[in-house]
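Keep the sequence and the 3D view side by side as you read.

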Amino acid sequence: MNERLKPSPAENAPGGRACEIIDLAVCSYAKAYAFQKEKVRSKIDGADSDTLILVEHFPVLTLGRRGRREHICAPTHHLRSMGIDVIDTDRGGDVTYHGPGQLVGYPILDLRVHRQDVNWILRSIEASLIRALEKFGIRAGVEPGLTGVWVNGGKIAAIGIGISRWITFHGFALNVAPKMDHFQLIIPCGIRNREVISMEEALGKAPPMEEVKRAVIEGFCATFGLTPSKLDFPSPKS
């Protein structure tokens, strides 16, 4: 049974710290990763604001540092025929799927200003997504010993981060209305006997992606004590 998440200690983050919101629309995983790394370098070099990047990816499977190839259930030639790449990444966690209809968020946060605690950042990201889902009437929570956000035993959002000099990158993937059969290509996050669900399934219809983005931005900034400074919409990347 899901446990309702208590208010995150992230509530004590520096109030009013600026957060740049960037919407990359739909772009490749590689392009979004390169963009993240640029932002990480700017934070290491002393940029003041935090950043939240939002994006939908073209279909891709990613493997975290502890990822196991045997958790990919489809042969390489089958994935290629579907146009799905497999990419090794420097985030935590195992294997996951990204694709259109899934909102991916990459928080670039300076933990030297917030809190230098890996468990804290994971729990706080969970809390921010639970806040966002509440706006749609979805009662989400956490599962003991597992990372992510869950609804009635099904995983609705996966989380996997990287940290460089206490600057975060990578982040979360919230299932709004992706192709759910694509999750059958993997053992999601290496967890067997647990289903993956979407907001569309929980609500009976898919909410507009722009409304989900707004809710995620509000939940994220409220949880981390941030003020969105601007909203950028760069041209869609290939």
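**Aromatic rings and their neighbours**

Start with Phe-224, which counts as buried because its relative accessibility is 0%. Remember that you are looking at a predicted model. Phe-220 is buried, as Phe-224 is.

A search of the whole structure turns up three aromatic pairs. One of them joins Trp-120 and Phe-224: the ring centres are 5.8 Å apart and the planes stand at 90 degrees, so the pair is edge-to-face. Now look at where the partners lie. Trp-120 is in helix 3, residues 118-134, while Phe-224 is in helix 5, residues 209-224, so the pair ties together parts that are 104 residues apart in sequence. Trp-120 has 4% relative accessibility, so Trp-120 counts as buried.

Find Phe-169: the charged end of Lys-37 sits over its ring, 4.4 Å from the centre. Then find Trp-150. Arg-194 lies over the face of Trp-150, 5.1 Å from the ring centre.

Ala-140 is placed in the loop between helix 3 and strand 7, which spans 149-151. Is Ala-140 buried or exposed? Its relative accessibility is 2%, so Ala-140 counts as buried.

**An annotated cysteine**

Next, go to Cys-189. An unreviewed UniProt entry carries the annotation "active site" at Cys-189. Such an annotation may be inferred rather than shown by experiment. Where is Cys-189 found? Cys-189 is in the loop between strand 9 (167-175) and helix 4 (199-203). Its relative accessibility is 23%, so Cys-189 counts as partly exposed. The cut-off matters here, because buried means under 20%. Setting aside residues up to four places away in sequence, Cys-189 touches Asp-94, Val-95, Lys-155 and Ala-158.

**Salt bridges**

Now turn to the charged side chains. How many salt bridges does the count give? It comes to eight. Follow three of them from strand 1.

The bridge between Asp-50 and Arg-17 has its closest N and O atoms 2.8 Å apart. Asp-50 lies in strand 2 (residues 50-57) and Arg-17 in strand 1 (residues 17-27), so this bridge ties together parts that are 33 residues apart in sequence. Asp-50 is buried, with a relative accessible area of 0%. Arg-17 is buried as well, at 15%.

Move along strand 1 to Glu-20. Glu-20 forms a salt bridge with Lys-39, and the closest N and O atoms are 2.9 Å apart. Lys-39 belongs to helix 1 (residues 29-44) and Glu-20 to strand 1, so the pair ties together parts that are 19 residues apart in sequence. Lys-39 has a relative accessible area of 16% and is buried. Glu-20 is buried too, at 10%.

Asp-23 is in strand 1 and Lys-213 in helix 5, so the pair ties together parts that are 190 residues apart in sequence. Asp-23 counts as buried, because its relative accessibility is 4%. Lys-213 is buried, with a relative accessible area of 7%. Which residues are linked in a network of salt bridges? The answer is Asp-23, Glu-210 and Lys-213.

Finish by looking back at helix 5. Lys-213 in helix 5 is tied to strand 1 through Asp-23. Phe-224 in helix 5 is tied to helix 3 through Trp-120.

Notes
Residues are numbered from 1 along each chain as its sequence is written. This is a predicted model: local features need pLDDT of at least 70, side-chain atom pairs count only at pLDDT 80 or more; totals for chains, interfaces and linings use all residues. Side-chain values use heavy atoms; hydrogens and water are left out. Rings of Phe, Tyr and Trp (its six-membered ring) pair if their centres lie within 6.5 Å; planes under 30 degrees apart count as stacked, over 60 as edge-to-face and the rest as tilted. Helices (H or I, at least four residues) and strands (E, at least two) are DSSP runs, numbered from the N terminus. Buried means under 20% relative accessible area, exposed over 50%, partly exposed in between (1.4 Å probe, protein chains only). A charge sits over a ring if NZ of Lys or CZ of Arg is within 6 Å of the ring centre and within 35 degrees of the ring normal. Contact means heavy atoms within 4.5 Å. A salt bridge is a side-chain nitrogen of Lys or Arg within 4 Å of a carboxyl oxygen of Asp or Glu.
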